[in-house]
Each structure stands twice: as structure tokens, then as C-alpha cells.
Amino acid sequence: MTDHTAPDPVTNIPDPTVADPSTINAQCDPTDHQPPKITSQGEPRFKMDQEMKITDSVDGQGLLESSMRLKPHEAQSYRKKALWVSWVSIVVTLILAITAFTVSFMRQSASAFGFAFDAALDVLSSIIVVWRYSNAAAVHSAHREYIACVVLGVVFILSSLCILGKAIHDLAIKLLPEVDDFLFSVSIVSGVLCIILAVFKCMLGRVLTSRALITDGFNSLVGGVMGFSILISAEVFKHDSDVWYLDASTGVLIGLIILAYGVKLLVDMVPRVRQTRNYERFE
């Protein structure tokens, strides 16, 4: 008789779908593939929390936020672009300042004088930005950034006082501006060039998280507005001589805006300079 209890040779073949527990633990444990999924889900949260902590402490470490966003070669590329834009701004605004000063004295225009002074201020602010980014190793230096902003704040305040003094003086003596095609040409060219420079400076300032570059861009924007304000006030005076005060009033308004921005810079940046000073000494 055949023994039906004998093991069937076919049933003794290991089921490929069933693995030995020791093999599961040693080599093919499905749970080995689970932690990466859990990690991949939890990792962004960890990175986000870590980034928040770094953002909170990066200022105290003497670095700008751009140090977390940009790779070294990217930071150096944007630094060179900032230098190029600043040098172009120095040349352009220097020419505009000389031209506007000439127009202001020839045509007795307070707003042209205000624009000329703002263009001279733009030259100084661009020089400060050049100093700010002249050191390749300090592209992310918060201390250097804040020093540049403090100097810009002082320059803004001094320039605004000169603009306000000239504009108020013209209002007091009821100085009437002279209008001609030359004044119109200077206004249009100055306004367009300054606004173009302002756009490039602000774009680079946002990428490099540079308050100094953004401030320089703001100054160029003010210059562009003043350039067009010369055109507007001159056109209004041409059609209605009773509105002689519009030109000087525009100078007063621009002076107050620059003064307020300068004071805001000092209030924001002086404490930060003190905060980062110890880090610079440690370095």
C-alpha cells in the first residue's frame, strides 16, 4: 500500500511568496522600505522648522538671508551685476546732476535743483553700494550691509535739508521758473533713465536681500519722479502762471520724503550695527 501520509515532493518546494523570518529580518524586511517614506513625509517639516530657526538667528550670526538662498557662485554673479549697475548709475547720474544743476540756475527751477541734488545723492549712494560689494568675501556680511545703510541714512538727511532749504527759499521770494524745450528734454531723459536704474537696483537688492541696494534703487526712483515733476510743473506754469508755487512745492515734498526715509534707515540700522559688531570682532 502506498503511504498517503508521506510528504508530497511538490508541496516541499518552498513557496517563493513566503520568506523565512530570518531572511525577512536580515535582507528583505518590507519594513526597511517604510522609514524612507516616513522620513520623506517628515523631512520637509524638519527643514521648515530648521529654516525658521536659521532665519531667526542668521542676523545674529552676521549673515544676510541671501546666504541661505544663494549658492556661492550665484552670490558672486549677482555681486558683480550689482557692481556693474552701480558703476553705470554713477556715470549716468553724475551727468544728470551736472545738467540739472545747470538747468536749475539758468531756468530758476526749484524742482530742477531738487532733482540735481537727488542725482548727486544717487551718485553718493551708488558709491556706497560699490564699497559694500567691493569685498567678494563680504557678499553676505550683515555688518557691512548695515554700515552702508547707516551712511546712506546720514546722506539722505543732509541732502533733504539742502533740498528743503532751497525750495522754501524759492517759495518765500516767489521765484518764477522759466520754461523752454531744453527743460522738457532734460526732464524726460532724466526721468526715464532714473526709473530704469531703479528697476535694476531693486531687482538685485531683492535677490541679495540688500537694503543698501534697495535704498539706492529708491533714490533713483525718486530722481525719476522728480524728473517728470519738472515737466509737469513747467507745463502747468506755462498754461497758468498763477500756479507758480507748484515747482517749489514739489521740491518741498521730495525733500520731506527723502528726510523721512533717511530717518527710517537710521532707526532701523543703528541697532543692527551694534548687534552685529561683536560677531565681526569675533571673526
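This is a predicted model: local features need pLDDT of at least 70, side-chain atom pairs count only at pLDDT 80 or more; totals for chains, interfaces and linings use all residues.

1. Residues are numbered from 1 along each chain as its sequence is written, and side-chain values use heavy atoms, with hydrogens and water left out.

2. The protein has nine helices and zero strands. Helices (H or I, at least four residues) and strands (E, at least two) are DSSP runs, numbered from the N terminus. Of the 283 residues, 40% count as buried; buried means under 20% relative accessible area, exposed over 50%, and partly exposed in between (1.4 Å probe, protein chains only).

3. Helix α7 (residues 181–207) and helix α8 (residues 211–239) have axes that come within 7 Å and cross at roughly 160 degrees. Here axes are lines fitted to C-alpha atoms, for helices over the stretch in contact, and angles run from 0 to 180 degrees between N-to-C directions. The angle makes α7 roughly antiparallel to α8 (under 35 degrees counts as roughly parallel, over 145 as roughly antiparallel, 65 to 115 as roughly perpendicular and the rest as oblique). The crossing of α7 past α8 is left-handed, a term used if the near helix is turned anticlockwise from the far one by less than a right angle, with right-handed if clockwise.

4. By class, the contact of α7 with α8 has 18 nonpolar, nine polar and four charged residues. Ala, Val, Leu, Ile, Met, Phe, Trp, Tyr, Cys and Pro count as nonpolar, Asp, Glu, Lys and Arg as charged, and the others, Gly among them, as polar. In helix α8 sits I230, which is buried at a relative accessible area of 3%.

5. The loop between α7 and α8 contains T209. T209 is not a glycine, yet has a positive phi of about 45 degrees.

6. α7 also packs with helix α4 (residues 72–107), at an angle of about 155 degrees and with the axes 10 Å apart. That makes α4 roughly antiparallel to α7, and α4 passes α7 in a left-handed crossing.

7. How many aromatic pairs does a search of the whole structure find? There are three, where rings of Phe, Tyr and Trp (its six-membered ring) pair if their centres lie within 6.5 Å, and planes under 30 degrees apart count as stacked, over 60 as edge-to-face and the rest as tilted. F156 and Y261 have ring centres 5.7 Å apart and planes at 40 degrees, so this pair is tilted. The pair links distant parts of the chain, with F156 in helix α6 (residues 142–173) and Y261 in helix α9 (residues 245–282), 105 residues apart. F156 is buried at 0% relative accessibility, and Y261 is buried at 19%. Ring pairs link F156, F218 and Y261 into a cluster.

8. W244 and Y245 form an edge-to-face pair, 5.9 Å centre to centre with 85 degrees between the planes. W244 is buried at 18% relative accessibility, whereas Y245 is partly exposed at 40%.

9. Two arginines have charged ends over rings: R132 over Y133, 4.4 Å from the ring centre, and R144 over W131, 4.2 Å from the ring centre. The criterion is NZ of Lys or CZ of Arg within 6 Å of the ring centre and within 35 degrees of the ring normal.
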